[in-house]
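Here is a quick tour of a protein model and the molecules it holds. Take a look at it first, then read on.

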Amino acid sequence: MQITQEFDFFVIGGGSGGLAAAKQAASQGAKVGLADFVKPSPLGTKWGLGGTCVNVGCIPKKLMHFAALAGELRKDQVEAGWINADIKGKHDWNRMTENVRSHIKKLNFQYKNQLNNKEVKYYNKLAELEKSNIVKLIDKDGGVEFVKSKFILIAVGGRPSYPEDIPEIEKKVITSDDLFWLPNNPGKTLVVGASYVALECGGFLNGLGCDSSIMVRSILLRGFDQEIAGKIEDYMVESGIKFIKEAIPINIEVIEHNRRLVTWKQKGVQHSDTFDTVLIATGRKSDTSKLNLERVGVKTNKNGKIICTIDDRTSVANIYAIGDCVEGRPELTPTAIKCGQLLANRLFGGQKKMMCYQFIPTTVFTPLEYGCIGYSEEEAINKFTQNEIIIYHSIFKPLEWNLLESHYAQACMIKLIVMVSTRRVIGLHYLGPNAGEVVQGYAVAIKLGATKEQFDATIGIHPTCSEEILTLTAVKGIDNPQKEGC
Ligand SMILES: Cc1cc2nc3c(=O)[nH]c(=O)nc-3n(C[C@H](O)[C@H](O)[C@H](O)COP(=O)(O)OP(=O)(O)OC[C@H]3O[C@@H](n4cnc5c(N)ncnc54)[C@H](O)[C@@H]3O)c2cc1C
Ligand SMILES: NC(=O)c1ccc[n+]([C@@H]2O[C@H](COP(=O)([O-])OP(=O)(O)OC[C@H]3O[C@@H](n4cnc5c(N)ncnc54)[C@H](O)[C@@H]3O)[C@@H](O)[C@H]2O)c1
């Protein structure tokens, strides 16, 4: 075996985590190599450097979410007095996806440049572990080379998983790996799943004019605040989305005109309907099966996720792992990035700082957005007792909506969860416009341990949705305000 290059740090996977780690390690003076290779989805979709977030995740999702909200704005413009705004417009899927793709291609190019500028050697090759310090790199034509590295980082992310039991399901459905690259509007769509991907995609497809149904096996947004999940469902139903609840697909058949006949079981009863597209959004599995992990001794759990210590070490001393491929980590871009940067600083910058997984904010980009940080009401009651926490909330209507006919009054909500003993705010939930923008600021306060009194001592910005946080009522638990200070 001939070694073509030797590195201090070799990164497998050029997504959010891998790129961040590689660039940071190079900034600290390490000699760094990175391999990123995209295996096409079953429908053949393939993309460039940047991983899930850039190519088939956060970026195209947010742009399409925006496109859907922009359509809603067309209706709102009429009530706001715009003349001719009501001219019925049809949405041009091709134009949107062309613009989305062109932005993604720019990002792919920028990432390549950034690696180049940092002198990170980039291999557009599939990597697998040959030994604990040797990586085998395979190019698209099957050419092979071997590189050696003192430290290896696995940051291979994940790919969509499919429900078992439906024969040849991959050939009959699409996943989020395909949706953002579809050449044509998907038409009448059945989305299977009930978490981030299902609700976000079902939401924007409806907003873009597709007849959209969401099939839910049990509950919406497991692990999130369930009162808010219920309000998200209400809002989506109000917007025209159909929910098929307590149901699972049992057969999918491609019939004439390329339509899909879907049969499902709902509370023991069999139903069927035809759809143009079935989007499977039932979770993701980590992309570790072809890395030869077992051979070099890297341990995984039964779902293929790599088992790591808190400082990102795998069961092999010089091999580390971060991001979506690691067991028990939040599958979010900013956590993968932060993890990668901190790891590089520890390995090459003489630093000790570890990733902190407490109080990570997140937003679900449903038609009415939901941002949160900290405990849900259910988690707080589970961890503490009902007597140890107080729940405050406000149900509100954004001022702007008073100009419009189309939105209903009870849709938006802010909820705070406060510890009785310390008055610390341990959970914040916001359902309303621009949730990500609103919650990001509050996340700083919560991370710093702010109390309810410190929230209350802050003056509101009027008129905003965010100021609703200052008009909350205690709905569960006994309110016991402390003296307000500055
Ligand atoms: C539809 C969707 C929307 C999302 N929206 C958001 C959002 O709004 N906000 C948010 O924070 N998160 C979002 N996420 C999650 C986010 O995209 C991921 O958490 C993040 O991309 C994980 O980064 P990563 O570095 O772990 O892996 P990835 O970004 O998946 O990168 C892994 C890379 O490794 C490559 N690779 C795999 N195996 C090999 C190999 N053997 N050799 C070489 N290369 C290999 C892959 O092709 C890929 O390019 C979304 C995810 C999806 C699916
Ligand atoms: N806005 C964001 O930050 C964002 C957006 C999208 C994805 N993500 C990340 O990506 C990860 C993956 O998201 P996801 O929504 O694909 O997966 P998920 O694992 O969060 O949810 C999977 C959903 O599919 C359902 N399900 C699972 N198996 C099923 C089956 N056989 N039949 C019917 N339903 C089934 C589950 O009940 C659940 O509702 C998330 O954990 C999240 O961290 C983040």
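Which of the 34 residues around ligand 1 come nearest? They are Gly-13, Gly-15, Gly-51, Gly-157 and Gly-323. Keep in mind that this is a predicted model, where local features need pLDDT of at least 70, side-chain atom pairs count only at pLDDT 80 or more, and totals for chains, interfaces and linings use all residues. As for labels, residues are numbered from 1 along each chain as its sequence is written, while chains are lettered from A and ligands numbered from 1 in the order in which they are written.

**Around ligand 1**
- A residue belongs to a ligand's shell here if its C-beta atom, placed from the backbone, lies within 6 Å of the molecule.
- At least two shell residues each come from α1 (16-27), α2 (51-56), α3 (58-79), β4 (126-131) and α9 (333-348). Helices (H or I, at least four residues) and strands (E, at least two) are DSSP runs, numbered from the N terminus.
- Sorted by class, the shell around ligand 1 has 15 nonpolar, 14 polar and five charged residues. Ala, Val, Leu, Ile, Met, Phe, Trp, Tyr, Cys and Pro count as nonpolar, Asp, Glu, Lys and Arg as charged, and the others, Gly among them, as polar.

**Around ligand 2**
- Ligand 2 has 24 residues around it, and the closest are Pro-163, Ser-195, Tyr-196, Gly-283 and Glu-331.
- The largest share, four residues, is from α6.
- Twelve residues of the shell around ligand 2 are nonpolar, seven are polar and five are charged.

**Domains**
- The protein is assigned domain 1 (3-57 + 95-160 + 285-349), domain 2 (161-282) and domain 3 (361-469); such bounds come from an automatic or database domain assignment.
- Taken over C-alpha atoms, the centres of domain 2 and domain 3 are 29 Å apart. Their contact takes 17 residues from domain 2 and 16 residues from domain 3, where contact means C-beta atoms, placed from the backbone, within 7 Å.
- On the domain 2 side, α6 and α7 (226-238) give two or more residues, and α7 gives the most, with eight residues.

**A look at Ala-474**
- Ala-474 is in strand β22 (residues 473-476).
- Ala-474 counts as partly exposed because it has 16 C-beta neighbours inside 10 Å.
- Leaving aside neighbours within four places in sequence, Ala-474 is in contact with Ile-390, Tyr-392 and Asp-479.

Conventions:
A residue is buried if 20 or more other C-beta atoms lie within 10 Å of its own, exposed if 12 or fewer, and partly exposed in between; C-beta atoms are placed from the backbone. Two residues are in contact if their C-beta atoms, placed from the backbone, lie within 7 Å.
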